Amino acid sequence: SRVLPGRVGRRGGRRLATVAVGVSGGVDSSVAALLLKRQGHDVVGVHMSNWDHAEEGTDGECAEREREDARRVCERLGIGFHAVSFVREYWSDVFEPFVAGIARGATLNPDVACNRHIKFDRFTAHALALGADWAATGHYARVAHSEAGGSALLTAVDADKDQTYFLAAVPQASLRRSLFPLGELRKREVRALAAAAELHTAGKRESMGICFVGKRRFRDFIRSYLPPQRPGPLVCVESGRVLGTHQGVSLYTHGQRARVGGLGGRWYVAEKCLETDTLFMCEGAAHPALLTHTLEVGEAAWISGSPPGQLDSRASPSALACSARVRHRAPAIPCSVAATEPPPPPQYTARFATPVNIAVGQTVALYDGCRCLGGAQ
């Protein structure tokens, strides 16, 4: 049923629209809703539930508190509040692939998958079904909509808060119907706007980490979803000497610091061998065993919906000069991306100007200046 007004009018020559904004219960989505309301749009807040704490048998108090905070913000702003559950979709499209990736030794980012499959697919479709013209979120990013119909994803003004890394796999069809009201603002300005509007989320702490893990140790949480883990040796990648024993190779990721009992220094996971349950370790975060200049990646998700012209396999492909981020807030590194043979499926080789520490399955976001071109794993 249509719970949103479908009216589109004009005020002062500006086109008004109906906007569904995802409200999480945090300050960012609160201010996104505030700004859209002040612009004169018809706004409704939509709170998404993506994890079933009751089924898992864990405390859902935090989730209930987030939902209540979102409802209170909507009430304060005088906008509608709507709740929707994407628990099943999140489980099948985000969590199961995440666990399967860990089991095979990969390091997937569930936030990237959540944005692609939930917030910028299921939520967008839900918003439009409710009668909205646009779907908005509190992400720190910008979007440029062209009259020709295409939309470009641009980095936020606040470089420290920019979230385009997590949005690098968003489908073009959803981006065309998306708004990012916070893209031109800095975090301190967002909090100031919330405080001036007397929103109770103004001073709320940011949520950190993976949403479904909560306050639990990740290793303790994920163990119950993985196949039984077997202890195995910690081996020095240089000498081959056995340094100790670990409790399960899938509980570690490439580049992770791991304690080696009885040894000083800082030891990191340089390589994993699932067949022998062996973790190869190196000492020091800058050890060459952790770094690479090249990376083979699978099929990329391009924001425009298709590869840049240089990589178009239908023509004579050449290398794409761009920059890359291998994690959120990491500096952009100059790189070149070239198509490998033979397609299909399209596969690419990325060559970095400086070596990077990256794990199998980790997302690489590609940029042309402030424009995010897409992402690959």
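Student: What makes up the lining of the second largest pocket by class, nonpolar, polar or charged?
Tutor: This is a predicted model, and in it that lining has eleven nonpolar, six polar and three charged residues. The pocket has a volume of about 400 Å³. Of the 20 residues that line the second largest pocket, V112, R116, H117, A169 and Q377 are the closest to its centre.

Student: Which elements each supply at least two residues of the lining of this second largest pocket?
Tutor: They are α4 (87-103), α5 (110-129) and β20 (371-376). The largest share comes from α5, with five residues.

Student: Why are α4 and α5 called roughly antiparallel?
Tutor: Set the value against the cut-off. Their axes cross at roughly 160°, and angles over 145 degrees count as roughly antiparallel. The two helices are therefore roughly antiparallel to each other. The axes come within 9 Å, and α4 passes α5 in a right-handed crossing.

Student: What makes the contact between α4 and α5?
Tutor: Here the test is heavy atoms within 4.5 Å. On the α4 side, E89, Y90, D93, V94 and F98 make the contact. On the α5 side, P110, A113, C114, H117, I118 and R122 do.

Student: How many residues of each class does the contact of α4 with α5 have?
Tutor: By class, there are seven nonpolar, one polar and three charged residues. Tyr and Cys count as nonpolar, so Y90 of α4 and C114 of α5 belong with the nonpolar residues.

Conventions:
Residues numbered from 1 in each chain as written. Predicted model: local features only at pLDDT ≥ 70, side-chain atom pairs only at ≥ 80, totals over all residues. Heavy atoms only, no water. 1 Å grid on protein atoms, 1.4 Å probe; cavity = no way out; pocket = protein on both sides within 12 Å on 5 of 7 lines; lining within 4 Å. Points joined across faces, edges and corners; volume = space filled by probe spheres on them. Helix = DSSP H or I, 4+ residues; strand = E, 2+ residues; numbered from the N terminus. Axes fitted to C-alpha atoms, helices over the stretch in contact; angles between N-to-C directions. Parallel < 35°, antiparallel > 145°, perpendicular 65-115°, else oblique. Left-handed = near helix turned anticlockwise from the far one by under 90°.
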